Amino acid sequence: MEKRAILLDEKDNVATCTSEIRPGDLVKCSGGGSAEIAAAEEIPCWHKIARTAIKKGDRVYKYGEVIGEALAEIQPGAWVSEKNIRSIPRDYSREYLLTKGEV
């Protein structure tokens, strides 16, 4: 059975799995970008798979936006979760005003 994941932006270093993934599965990513990733471990449906190697301290991108920072080295095909990334606080109201030129 073909496994798929959502990849909306070429700069994303993670993709969202649309079904349960098992080690060794080849996951085809599509959307705003494309990639094929060999899964390194089990990943639950709707969770993230690393598209590329992510170094400790690197930003993690999903849907073209920063969603966190890596707490440890993450290998391609690994499950990306709260165990290996942390959220980075953002000031969304300021970002909105900046894009509107109101600051």
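Strands E3 and E4 form a hairpin, with three residues between them. Strands here (E, at least two residues) and helices (H or I, at least four) are DSSP runs, numbered from the N terminus. This is a predicted model: local features need pLDDT of at least 70, side-chain atom pairs count only at pLDDT 80 or more, and totals for chains, interfaces and linings use all residues. Residues are numbered from 1 along each chain as its sequence is written, and side-chain values use heavy atoms, with hydrogens and water left out.

**Overall layout**

- The protein chain holds one helix and nine strands.
- Their order along the sequence is β-β-β-β-β-β-β-β-β-α.
- The C-alpha trace spans about 50 × 25 × 20 Å along its principal axes.
- Of the 103 residues in the chain, 36% are buried. Buried means under 20% relative accessible area, exposed means over 50%, and partly exposed lies in between (1.4 Å probe, protein chains only).
- Take the contacts between residues at least 6 apart in sequence: 47% of them join residues at least 24 apart. A contact means heavy atoms within 4.5 Å.

**Strand pairing**

- E3 and E4 pair in the antiparallel sense, over four bridges. Two strands count as paired if DSSP finds at least two bridges between them.
- Cys-29 stands opposite Ala-35 in E4.
- Lys-28 stands opposite Glu-36 in E4.
- E1 and E3 pair in the parallel sense, over five bridges.
- Lys-3 stands opposite Val-27 in E3.

**Two faces of E4**

- Side chains alternate along E4. Ala-35 and Ile-37 point to one face and are buried.

**Nonpolar cores**

- The largest nonpolar core has twelve residues, among them Ala-5, Cys-17, Val-27, Cys-29, Ala-35 and Ile-37. Such a core is a set of buried Ala, Val, Leu, Ile, Met, Phe, Trp, Tyr and Cys residues joined through side-chain atoms within 4.5 Å.
- Strands E1 (3-7), E2 (14-17), E3 (26-31) and E4 (35-38) each supply at least two residues of this core.
- A second, separate core has nine residues, including Val-14, Ile-54, Val-60 and Ala-78.
- Ala-5 touches Ala-15, Thr-16, Cys-17, Thr-18, Val-27, Lys-28, Cys-29 and Ser-30, leaving aside residues up to four places away in sequence.
- In soluble globular proteins, nonpolar side chains tend to be buried together.

**Positive phi in two loops**

- Most residues other than glycine have a negative phi.
- Trp-46 is not a glycine, yet has a positive phi of about 70°. Trp-46 is found in the loop between E4 and strand E5 (48-50). Trp-46 counts as exposed because its relative accessibility is 55%.
- Tyr-63 also has a positive phi, near 55°. Tyr-63 sits in the loop between strand E6 (59-62) and strand E7 (65-70). With a relative accessible area of 39%, Tyr-63 is partly exposed.

**Surface and charge**

- The accessible surface of the chain comes to about 6200 Å², and 51% of this belongs to carbon and sulfur atoms. Areas come from the Shrake-Rupley method with a 1.4 Å probe; for residues, only the protein chains shown count as cover.
- The chain has 16 positive and 17 negative side chains. Lys and Arg count as positive, Asp and Glu as negative; His and the chain ends are not counted.
- The centres of the two charge sets lie 2 Å apart. Each charge is placed at NZ of Lys, CZ of Arg, CG of Asp or CD of Glu.
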